[in-house]
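Here are my notes on the model you sent. Please keep the structure open while you read them.

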Amino acid sequence: MRAEWPASRLLETGSSAPALFADAGFRAAPAIAFLLYTAAVFVVAIFSHRLLRKRSFLQEYFLGSRGLGVWALAMTYAATSASGGSFTGFPALIYEHGWILALWIASYMIVPVCCMGILGKRINQVARKSGAITVPDVFRDRFRSPALGILASLLLAFFMAFNLVAQFKAGAIIIERLFRDLPGYASAARLIEWIPQTFSVFSSSPPEASYCLGLLVFAGAVIAYTAYGGFRAVVWTDVLQGIVMLVGVLLLLVFTLRAVGGLDVITDLEKSRLRATVTLVAGADFDVLHDDLVLRARFGDRTWELRNERKISLARNTSTTVVFLFADGPVPDPDAARAPDSIDVVQARDSRDRIRVEPLAFDPRTRRFSARLTCDRDLSLPPGRLRVSFDGVDPAFTLTNENGISFARSGAEEEVLTAEASFIATPDASAVALPGNDARSLVPQVETVDALTANLRVDSSRIEPRHNLISGPGLHPEQGDGFLPFGLAFSFFVMWAISGAGQPTTMVRLMAFESTKVYRRAMFSVCIYYTLIYIPLVVIFVAARHLLPNLDRPDMAMAETVLAVAPGVLAGVILAAPFAAVMSTVDSFLLAISSSVVRDVYQRSINPRASEQRIRRLSYATTLLVGLIVMFGAFNPPRFLQTIIVLTTAGLACTFLAPMFFTLYWKRMTSTGCMAGIVAGFSTCFGLYVLGWLGAFSLPDDVTPHPAGVLPVIWGLAASIAATIVGSLLSRPPPEDLVTLYFKRAEPRP
Amino acid sequence: MTELPDDPLYRNSLRESLVAIGAWAVCGVYAITYCFLDGYGRDPAEITTVFGVPRWVVFGVFLPWLAANVFSAWYCFRFIRDEDLGEPPEAASAEGGSDAR
């Protein structure tokens, strides 16, 4: 098959995707695609800015004059909700856990109906009645409560700023990955080395200059077009981005299925794949990367090689249980393979072992070689465990240590340990002629340091099908009940469909459509759009697991798969999809924060009579300033970024969904009830995440808490609903004129 | 004093909203239950496939997804009513919302 060539080549050489670009001579393709795409985005921003000059500034800048048509509403809605996570985190999860992600994402079958249908028509009407431009505006006007408006603005800005830091980082990484091998990128990165140096004052792990350059490029582009063009530029670029995402995914589906030979092939292969769960006892500290620990399982006269799927760290005299995969692929007779005669460690390479070899003498006649070795840590090597080759020697030969080598520490931790060793060379070495018989002219390369085999033994093992990739609940290395147990499956069904309706960026789009006809048609368009995006994504990355089975970083599954299966120019087009997804989310969030500050805090609370000119300048400046502040935060982003994205999504839903629903549909709702719902939803969700950070309800390496087996969004929504109802019932009924304004027909029936 | 009747758009929106929530509940109960019964904890040898996709994914997710699209078409083109959304008060939005009125 044509497309197998680059995939297998990636695996053979271990080369990175950009390196493959360089080899194939089409590394400029993504750059060209990106530049064309960015140019198109700026053209859109310029047209939007022209419209902005002709219309009421606030209505146009923050709400597009409530004039969104079908495609604009559908695409801006779909593109904004599909953030970078849809093209980085989601593919990575499919790659790691298999078909169970179909259930994880299943609620998207009904997401458009829920997210648009629950609030859509009514929030648009209420916003028109009150003249509201932002979500806090709606709360403020519906209850005539400035305090409610300010509280909503502050919480909205709080969550979105956190989310934006994570999104900016995702955008910066994509640019860095696409461009870092192009001529000039490294030179440009060197010009800004002062940035990571500055951050090294505050942080022990400052960012790399190439990441900082990616961040500057990404942030510069998004901040500029968002600030300049406003809401309409964001919406139009969302349309562009939505089309790019759809075309990218459909092209990738075709290329991937062609490359693997169809889904029948991969599912049948998957059924016959096995995994071994092995408990190892260590006699030394070790730190082994993915694939660097090799076991051999013997079944009668046949042997199979097993390799570790994940990085392993273990202290001396402790044991650990590790999942190994059968490196040779599917097992022809899975039943027989489940009961091996023995499993032994045949190779273990510690990632920290860096042995330097200084040649002392070499005699080609006897093939004996002596060298002085240096190493940074305690290490004991039995005979035959250190192999060395040489650069530029003809004929090529390899050395193996004859005797045991021991690096023993005598004192300080920083001490460099030395040892002398003798080696025996492979037969080709007898034909080597050294200049002046001087062994010091040799340039040694340490090929293998196999120090740990003697220090590791298999204590117990269990071989079973890797059913987690084709059946539920899916593999989770730390979670005994799997990746998606029943409680989490329910949580995610609520999370995507119901909490999606509670996102202020969704609500503000529902305030901007032109008519109910537009709204109905756009809703159905989004249903079809999600079907064409998410089902193919599941299929693509189940297949990608078979094309690229050993990715060290699953979050690069999208980029690596594209580069493996798609031809050059189309690879560039497809790779624009994740970039478009990040951009379309970032621009919307940026505008939501700036509208909170300008409209809700400044204009409505500080200076209601501010001139349009003043508001205009303040809006540009605020969008710019918020973008710069977030960019500054993204130079050194906090850990647990994916968790922060989930936290902010859940937090916004817990804070705003129930209060907004009752605001629109319950006549008895009061400002006290609304305030109680906002505060209860926010504090429950945020409080549970804080407890998660402190170690409660969560798992090692995962700060997301799961109290009672469900996500915090469930508890937050429940608390918010309860507090809204109780708070309203315990407070005085709302003024009659407000109820009449928002719930009654304007004229009495004759 | 004659009490004013409810705004029809409010009543229709509430009805449409409750139907959307009901549709979500039906989809959720069906998808999670079916996948749990047919796809969880199974030996791969027992899992049958349809065009290479595990049966529990086809009948638990993909086909319901298509059915949800059919429902969405009915919901969007038959169930939701077209109504006049009204016009925003120009002065309110330009001069700081309804506070300024």
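Is the crossing of H5(A) and H14(A) left-handed or right-handed? The crossing is left-handed. Bear in mind throughout that this is a predicted model.

1. **The helix crossing in chain A.** Helix H5 (residues 70-81) and helix H14 (residues 209-260) of chain A have axes that come within 8 Å. They cross at roughly 70 degrees. Angles of 65 to 115 degrees count as roughly perpendicular, so H5(A) and H14(A) are roughly perpendicular to each other.

2. **Who makes that contact.** From H5(A) come A:Trp71, A:Ala72, A:Met75, A:Thr76, A:Ala78, A:Ala79 and A:Thr80. H14(A) answers with A:Val235, A:Asp238, A:Val239, A:Gln241, A:Gly242 and A:Met245. By class, this contact has eight nonpolar, four polar and one charged residues.

3. **Chain B on its own.** Chain B holds three helices and two strands. Along the sequence the pattern is α-β-β-α-α. Of its 101 residues, 41% are buried. Take the contacts in chain B between residues at least 6 apart in sequence: 47% of these join residues at least 24 apart.

4. **Where the chains meet.** The contact takes 69 residues from chain A and 65 residues from chain B. On the chain B side, helix H1 (8-39), strand E2 (53-54), helix H2 (55-79) and helix H3 (90-94) each supply at least two residues. H1(B) gives the largest share, 18 residues. The side of chain B that touches chain A has 39 nonpolar, 16 polar and 10 charged residues.

5. **Two backbone angles to check by eye.** Most residues other than glycine have a negative phi. A:Arg367 has a positive phi of about 60 degrees, although it is not a glycine. B:Phe51 is another non-glycine residue with a positive phi, near 55 degrees.

6. **Setting of A:Arg367.** A:Arg367 sits in the loop between strand E8 (356-363) and strand E9 (368-375) of chain A. Is A:Arg367 buried or partly exposed? A:Arg367 counts as partly exposed, because it has 18 C-beta neighbours inside 10 Å. Buried would take 20 or more.

7. **Setting of B:Phe51.** B:Phe51 lies in the loop between strand E1 (49-50) and E2 of chain B. B:Phe51 has 10 C-beta neighbours inside 10 Å, so this residue counts as exposed. The cut-off for exposed is 12 or fewer.

Key:
Residues are numbered from 1 along each chain as its sequence is written. Chains are lettered from A and ligands numbered from 1 in the order in which they are written. This is a predicted model: local features need pLDDT of at least 70, side-chain atom pairs count only at pLDDT 80 or more; totals for chains, interfaces and linings use all residues. Two residues are in contact if their C-beta atoms, placed from the backbone, lie within 7 Å. Helices (H or I, at least four residues) and strands (E, at least two) are DSSP runs, numbered from the N terminus. Ala, Val, Leu, Ile, Met, Phe, Trp, Tyr, Cys and Pro count as nonpolar, Asp, Glu, Lys and Arg as charged, and the others, Gly among them, as polar. Axes are lines fitted to C-alpha atoms, for helices over the stretch in contact, and angles run from 0 to 180 degrees between N-to-C directions. Angles under 35 degrees count as roughly parallel, over 145 as roughly antiparallel, 65 to 115 as roughly perpendicular and the rest as oblique. A crossing is left-handed if the near helix is turned anticlockwise from the far one by less than a right angle, and right-handed if clockwise.
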